[in-house]
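The sequence and structure are shown first.

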Amino acid sequence: MTRPAATSSVTSAPTATTTLPRSSTPGGIGESPTRPDGTRKVTGEFAFSSDLWLDEALFGVTLRSPHPRARITGIDISKALATPGVYAVLTHEDVPGLKFYGLDHADQPVLAIDEVRYQGEPVAILAASDPHTARRAVSRIEVGYEVLEPVTDARAVAFDEGVAMLHPAGNLLRHQPVRVGTPDEVEAEVVVVGEYAVGMQDQAFLGPESGLAVPAEDGGIELFIATQWLHTDRGQVARCLGLPEQMVRLTLAGVGGAFGAREDLSMQVHACMLALHTGRPVRMSYSREESFLGHVHRHPAWMRYEHGATAEGRLVYVKASIVLDGGAYASTTSAVVGNAASLGVGPYQVPHVAIDAYGVRTNNPPCGAMRGFGAVQTCFAYESQMDALAARLGIDPVEVRVRNAVAQGSTLATGQVIDAPAPLAEMLRQAAAMPLPPATAPALGALPGGYGNTTHGEGVRRGIGYGVGIKNICFSEGFDDYSTARVRLEVVGGSAVATVHTAAAEVGQGLVTLQQQIARTELGVASVVIKPADTTVGSSGSSSASRQSYMTGGAVKAACEAVRARIARRLNLSTVELAGEVVVGGPALTEVIGDDPIEETVEFRHRPTFPMDPLTGQGATHVQLALCVHRAVVDVDVELGLVKVVELAAVQDVGRIMNRMALEGQIHGGSAQGLGLALLEEIQVRDGLVRNGSFTDYLIPTILDMPPMTLTILEHPDPHAPYGLRGAGEPPTLSSTPAIVAAVRDATGLALRRVPVRPDDIALPRHSHATSPYGV
Amino acid sequence: MRVTVVVNGEQRVADDVWPGESLLFLLRERLGLPGTKNACEEGECGSCTVLLDGAPVCACLVAAPQAMGRSVVTVEGLAETSQAVGLHPVQRAFVEAGAVQCGFCTPGLVVTVVDLLDRVPRPSEEQVREALAGNLCRCTGYEKILDAVRLAAARRGSA
């Protein structure tokens, strides 16, 4: 192995250009080349983390707590261990290093110690010769429990005294206020108040938590794993195994979707413990039911909002109280609270603000990252409020948003000034101007109820609604956010070939394609090899916060620029332009490179962000903000409460279109997850127990649930970002939910203050004696 | 028990099969064909769709012994079933239309679409949506998958 060259460091700097030059190299930025992994994914050759196999590999399984809260009185592994084919049964006593892990705070036990705090908490792990044996044997582990009353009401934890303490540090994970002006003193001509709730959504990636751990000859471990961030996994795994980080080597296995659920560890430490203990490779793969228990979810939220406005609909003040249920362990709840607070009034100009956002511990399933990360819940609430305000004043819902819309130069509730284009008013007008689908009765299968044939159009009413969201891109609040890229240019078989090596996780979003496009554009070569992501190169940070195009895209660009500077030096020039495998106006690249490959490794940082003031929430906390507008058209069977989304139209500003096909896929997919939250998706938790942990009972949108989507994509470049691009994966997940619910309200006249909206919420209020059992 | 099954045109034998195990387990764990995916094991997601004697089934809902003596085509065998060089035209359309993101649902969807276009060469949008209603995709929102089906059908029509 060659020793990598020294790493240089680059920070994103403003660029003067606002023009959008296109790539001169085929397959470069702005085009939509096919994915480098596409062929292997359609033939079945692509190895996902659950497909890995070694002949001598054992299969690992996890024993989980059936109780949301209990003291462990004893664990007897003897019968399980005596089962033929079983190689190891391990408990917390066998954790070699630190017995806790966690992204923000190491508060989550690798295996439960004396107490379990949520249903599904891992208690013991077992390795056997094959999956059948492992699953049978794990049921022979005997655990004694003294069941305790679970704490399940997040609002009681936030506001009431006398709630049982679940953690020595207390049950409050973060309280973040935001204070601007004098909201209690100003007068408003119109006041609207609403209480809103958001159910617990699951990321529901299709590829289960899985991986393969292989003991190494040096006493270390090789882990092939589906994750969003290899290096933060490595740090946590190494600490729990009691090994130095260089003895823990991670390689990204095929990732079957992520959406936030792979930020926290799941089976990583467990598989490594079993492999080190047995000296054999160990593979693990969760079942779907186990997956619902085995990763964090989107925080359920309870929100009270009060909006004061002038008679013209201009916002005077916003007061909000936001409670987010973090479940049993900290995960990323603190950062989620930060987003809920800092973005809690939405993309609107508000002179007076009082927000209090709370994240608390309960004995419910742990919650953490999911696409939209704390900005989704509040978006449903503030957009519902904007519609309520519009209705109160008799103003069009689009117009009331336009009158309050942020723009470049606006000040957010945190005091941060938006210093990049934010053309929200224009986006709203474009969304409203898009052609509407025909009002004529659609084909039978396209009515609410679909092929259930529950209506021929009677009782069906159409509604139209709008939603707007604002999402921070990249890590915020002062986090040292960077990505590392290594780029090598060499001659292979007579051609110049670029090799790009990063640790960035391709989770489906198409980052591997984008890396190729950037290298082609910057180095003028057609052939770009993407090396497998692993920990032999520096960290790229997480594939989350819509940040990888900006951060790893920026790192690859910077590394290519460093390679180009080396070429210039070889030619005694100050700069060179590369295209078509030649130095423009100079020799062929192959001639310049010769048998002396050029390799550069660069760490790329975005400009710094700052923490929120703990008392006022003030601070330039975000590096980039992104907007999306949705318009939803729905048909509602008001008798049965069934909804068919007829069309979703979206307007999104992405700064710069790097790959239209991949970008559209992100907007489509993000919109679909927002549709799911609006109408279908909730992990139903009663008394701390998950009631619907299967795809039979937890419903994600099918192709029959999804309407045709019309997209308008704008390009107002961000002068601070590489190529002027703006992260795009999350914003559509925010705005599609309130747009759909607004459309259902428009069709039904109901208040609908909770998502997902269920058939009961629509059908039952029509009967005078019936009330929805799912009130806020 | 011993199970003999023709997979992608080749006779395969597996010994010590537990009668209760699924065709999906047989393919993935015993025959070394992990292209067929396991995402729910209860017939909801369609990730494990294979052709059993030419009909699309969820391999997780078929007991391995039920496949005894029958013909199974998995995603790994599709390219060979078409006369095309390299990829099956449906596979090619999925890559070119951007219908693949994480790709976990892709093998099941490709098999389902191959079956649909064999039965209905020029399906309406309603027919496509109905045929694909048993295949969950969490990444794409299905728009590019519909594009891929349209592309594959159009190319087939003009071939």
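## Chain B

Buried residues make up 58% of the 159 residues of chain B; a residue is buried if 20 or more other C-beta atoms, placed from the backbone, lie within 10 Å of its own, exposed if 12 or fewer do, and partly exposed in between. The model is a predicted one, in which local features need a pLDDT of at least 70 and side-chain atom pairs count only at pLDDT 80 or more, while totals for chains, interfaces and linings use all residues. Residues are numbered from 1 along each chain as its sequence is written, and chains are lettered from A and ligands numbered from 1 in the order in which they are written.

The secondary structure of chain B consists of six helices and five strands, in the order β-β-α-β-β-β-α-α-α-α-α from the N terminus. Helices (H or I, at least four residues) and strands (E, at least two) are DSSP runs, numbered from the N terminus. The C-alpha atoms of chain B occupy a box of roughly 45 × 30 × 25 Å along the principal axes. The radius of gyration of chain B is 15 Å, which agrees with the value near 15 Å for a compact globule of 159 residues; this radius is taken over C-alpha atoms, and the globule rule is 2.2 Å times the number of residues to the power 0.38. Of the contacts in chain B between residues at least 6 apart in sequence, 61% join residues at least 24 apart, a contact being two residues whose C-beta atoms, placed from the backbone, lie within 7 Å.

## Confidence and a backbone feature of chain B

The average pLDDT of chain B is 95, and 97% of the residues score at least 70; pLDDT is the predictor's confidence in each residue, from 0 to 100. For the complex, the predictor gives an ipTM of 0.98 and a pTM of 0.97.

B:Asp16 has a positive phi near 60° although this residue is not a glycine. B:Asp16 is located in the loop between strand E2 (10-14) and helix H1 (23-30) of chain B. B:Asp16 counts as exposed because 9 other C-beta atoms lie within 10 Å.

Chain A contains 17 helices and 31 strands, and 59% of its 776 residues are buried. Its C-alpha atoms fill a box of roughly 80 × 75 × 55 Å along the principal axes. A compact globule of 776 residues would have a radius of gyration near 28 Å; chain A has 27 Å, which agrees. Among contacts in chain A between residues at least 6 apart in sequence, 80% join residues at least 24 apart.

The largest nonpolar core has 306 residues, of which A:Leu126, A:Cys272, A:Val634 and A:Ile740 touch the most other members. The largest share of this core, 10 residues, is from helix H9 (residues 375-393) of chain A. Such a core is a set of buried Ala, Val, Leu, Ile, Met, Phe, Trp, Tyr and Cys residues joined through C-beta atoms within 7 Å. Setting aside neighbours within four places in sequence, A:Val634 has contacts that include A:Val643, A:Val645, A:Ile740 and A:Val744.

## Chain A: local features

Helix H5 (residues 230-241) of chain A has 12 residues and should span 16 Å at 1.5 Å a residue; its end C-alpha atoms are 16 Å apart, which agrees. The expected span is 1.5 Å times one less than the number of residues. Among the buried residues of H5(A) are A:Leu230, A:Val237 and A:Leu241, and the buried residues pack against strand E5 (100-101), strand E13 (221-225), strand E14 (248-252) and helix H6 (268-278) of chain A. A:Gly242, with a positive phi near 70°, follows H5(A).

A:Cys474, not a glycine, has a positive phi of about 75° and lies in the loop between strand E19 (460-473) and strand E20 (482-492) of chain A. A:Cys474 is buried, as 26 other C-beta atoms lie within 10 Å. The peptide bond joining A:Val755 and A:Pro756 is cis, with omega about 0°.

## The interface

In the complex, 46 residues of chain A are in contact with 44 residues of chain B. Helix H1 (38-43), helix H3 (131-138) and helix H15 (660-679) of chain A each supply at least two residues of the side of chain A that touches chain B. H15(A) gives the most to this side, with seven residues.

The residues on the side of chain A that touches chain B comprise 21 nonpolar, 21 polar and four charged. Here Ala, Val, Leu, Ile, Met, Phe, Trp, Tyr, Cys and Pro count as nonpolar, Asp, Glu, Lys and Arg as charged, and the others, Gly among them, as polar.
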